[in-house]
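Please read each point with the sequence and the model at hand.

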Amino acid sequence: MSAPQSVEKTRTTAPFSESPASLEMKRPKNDSKHAEQEHGFEWVELLRIAFVAFAAGAVWFRVWEPFPHISVVGIAAALIGGYPIFKEAFENIVERTMTMELSMTIALLSALAIGEFFTALVITGFVLAAEVLEGLTVGRGRRAIQDLLDFLPRTVSVRRNNEAIEIPAESLRLSETVIVKPGGRIPVDGVVLSGRSFVEQAAITGEAMPVEKLAGDPVYAGTINQSGALELRADKLGRDTTFGKIIDAVERAEKSRAPIQKTADRLAGYLVYFALGAAVLTFIITHNVRSTISVVIVAGACGIAAGTPLAILGAIGRAAHKGAIIKGGLYLEALAEVDTVLLDKTGTLTFGTPQIRNVVSADGFTERQIIAAAAIAERKSEHPLAKAIIARAGELAIPVVEPDQFAYTPGKGVSADYRGEEIIVGNRTLLMERGVKSILPVNGHGAGGVSEAYVARAGQWLGTIRIADVLRPEAKSAVAAMRDMGLKTVLLSGDAQEVTTLVGRDLGVDEAVGELLPDQKARWVGELREKHRKVAMVGDGINDAPALVEANVGIAMGSGTDVARESADVILIGSDLSKLVETLRIARRCRGIIMQNFVGTLVVDSIGVGMASFGLLNPLLAAFIHVTSELAFILNSTRLLPRSSEIRQ
């Protein structure tokens, strides 16, 4: 009933154990064989339990008792039925470890020695049944993670020799043309070659609405093609896909051990020593063998030893299904202890791509005229504001033409000549220097993080385009939720202090600090940790990597840079901050469940040992209390496992 053995029994073959060139997340070809073996193993255990139960009935009714004081049926059934328990106990002795199997073996042999044959068989049946139920429960946790693999098809349709054929997914090669029909899941990361459709890619990018895909657009493995047929070029397979990396990260996390799990294992060992010591003391004082055996039987730490890794497994699996990859139990535990959350601004709380907030027109000019003129001037510019203007021209179906001449004035703006007319897009100072008059100031440059691009054509002011980096829609509610959880929230940004303060005020954070370089952000984290704060840093860019590494828990946005994702301990798929809030709740809930198991086990064992020492528990009742409490704590841990409905979603 010790956790490590039970967990290993239900461990399945890792789906990433094959060549990186293949679709490694696909199940092995001999999956059905593995399934049959697992099924057969369960049947053997069930038959063993049935055999012990039948033998117990035979002993109770004295069906065949050739010797007056020795039950041949009882001894034989106890030895045969208890073989798995004795085997693990022997292995524990060889490894010099103290586990519940060893204490149960002592109890069983003691019961047989004093002629409690029926009691020995009932204890054996209880322990075997608990082992099976524990294995099935942990197996459910493993399957909850393995069910992520169901997001990919087993076969794919490819075009070879101008003919569409169906092949096993593991036979797919790089650069092949993959055909995905409406309703099908996309098996690779690649680029659309032909076709037009809408793809639901929330599992990868977090986007709530389906995204239209045309020739040249990227697609991701695990997403769903909704409407039209698509032909794709396979650029990444298996482990190399975005989805593959998600599965890989979850598997590595699932195999890691948190410090609290090591504490649970130590506590389980101490409880076994406590039970044996109490049993010896009971025998010395009372000389009652039945009470002594009851003491050994009633004390159990299986609820801690098995429940702790199961809770961690369930939390990591649930977080993965909710859209956050926790890279290990160590970081899950650290996440539960966080009391301060530091938030980068650009790309984390905002989209990181400037967008046009509104257009202020001068008398007689329309938005189309202003955008059309600005798009010509910004056609050759690489500035982020230029990209926002070009994007708006596309939305308005305004053709963007090349200017005849182009010039850039650092810190002021751009100018261009088109068909003999000068077009200027920049700050108010640049337009005034070029002789443009009657320019009315809007709201002051940079107010609220908004930049104003003044537009003039042929010496006349047309209007002003107000551009800003847009806050993520869930950012404000996410910050509010974190504050409701008692967390201190701090906004860190390299932007101007005025802008950072205004954004922080809009979000409702406790503190907003601007004008920080990457090393200064890391220093900020270090100073908080020196004050014994448990810090989580959330960021998305290369400049956030030092702070992510310095924090107790580094959290990277899924849309961020590779450097940020590699430096982080938790990755938010799709960059949805509401997933961060949910992950923090899951981590806290996991810690709460583990502590419930800790306290519950100590209380049950203390009361049980006390009652058994005073002769208030016989071995049968002691076994019942032991197994019932163990299963109660294990089932308590299963509350974190993702439900079937959540997995399907």
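1. Helix α4 has 13 residues, which should span 18 Å at 1.5 Å a residue, and its end C-alpha atoms are 18 Å apart, in agreement. The expected span is 1.5 Å times one less than the number of residues. Helices (H or I, at least four residues) and strands (E, at least two) are DSSP runs, numbered from the N terminus.

2. The model is predicted: local features require pLDDT of at least 70 and side-chain atom pairs pLDDT 80 or more, whereas totals for chains, interfaces and linings use all residues. Residues are numbered from 1 along each chain as its sequence is written, and side-chain values use heavy atoms, with hydrogens and water left out.

3. Which residues of α4 are buried? They are P84, I85, F86, E88, A89 and N92. Buried means under 20% relative accessible area, exposed over 50%, and partly exposed in between (1.4 Å probe, protein chains only). Just after α4, R96 adopts a positive phi of about 55°.

4. Two packed helices are described by the distance between their axes and the angle between those axes. The axes of α3 (residues 72-81) and α4 (residues 83-95) come within 5 Å and cross at roughly 55°. The two helices are therefore oblique to each other. Axes are lines fitted to C-alpha atoms, for helices over the stretch in contact, and angles run from 0 to 180 degrees between N-to-C directions. Angles under 35 degrees count as roughly parallel, over 145 as roughly antiparallel, 65 to 115 as roughly perpendicular, and the rest as oblique.

5. In this contact (heavy atoms within 4.5 Å), A78, L79, I80 and G81 of α3 meet Y83, P84 and F86 of α4. By class, the contact of α3 with α4 has six nonpolar residues, one polar and no charged. Ala, Val, Leu, Ile, Met, Phe, Trp, Tyr, Cys and Pro count as nonpolar, Asp, Glu, Lys and Arg as charged, and the others, Gly among them, as polar.

6. The contact involves R290, I293, S294, I297 and V298 of α10, and P619, A622, A623, I625 and H626 of α23. Seven of these residues are nonpolar, two polar and one charged.

7. Helix α19 (residues 518-530) has 13 residues and reaches 19 Å from its first C-alpha to its last, close to the expected 18 Å. Its buried residues are K521, A522, W524, V525, G526 and L528. Among the elements that cover them are β11 (340-344), β18 (488-492) and α20 (545-550). Just after α19, H532 has a positive phi of about 65°.

8. Positive phi values also occur in two loops. A458, with phi near 55°, lies in the loop between β16 (450-457) and β17 (460-471), and is exposed at 51% relative accessible area. E515, with phi near 60°, is in the loop between β19 and α19, and is exposed at 55%.

9. How many aromatic pairs does the whole structure contain? A search finds one. W60 and F118 form a tilted pair, 4.9 Å centre to centre with 50° between the planes. Rings of Phe, Tyr and Trp (its six-membered ring) pair if their centres lie within 6.5 Å; planes under 30 degrees apart count as stacked, over 60 as edge-to-face, and the rest as tilted. W60 lies in α2 (residues 31-60) and F118 in α6 (residues 117-146), so the pair ties together parts 58 residues apart in sequence. W60 is exposed at 56% relative accessibility, while F118 is partly exposed at 24%.
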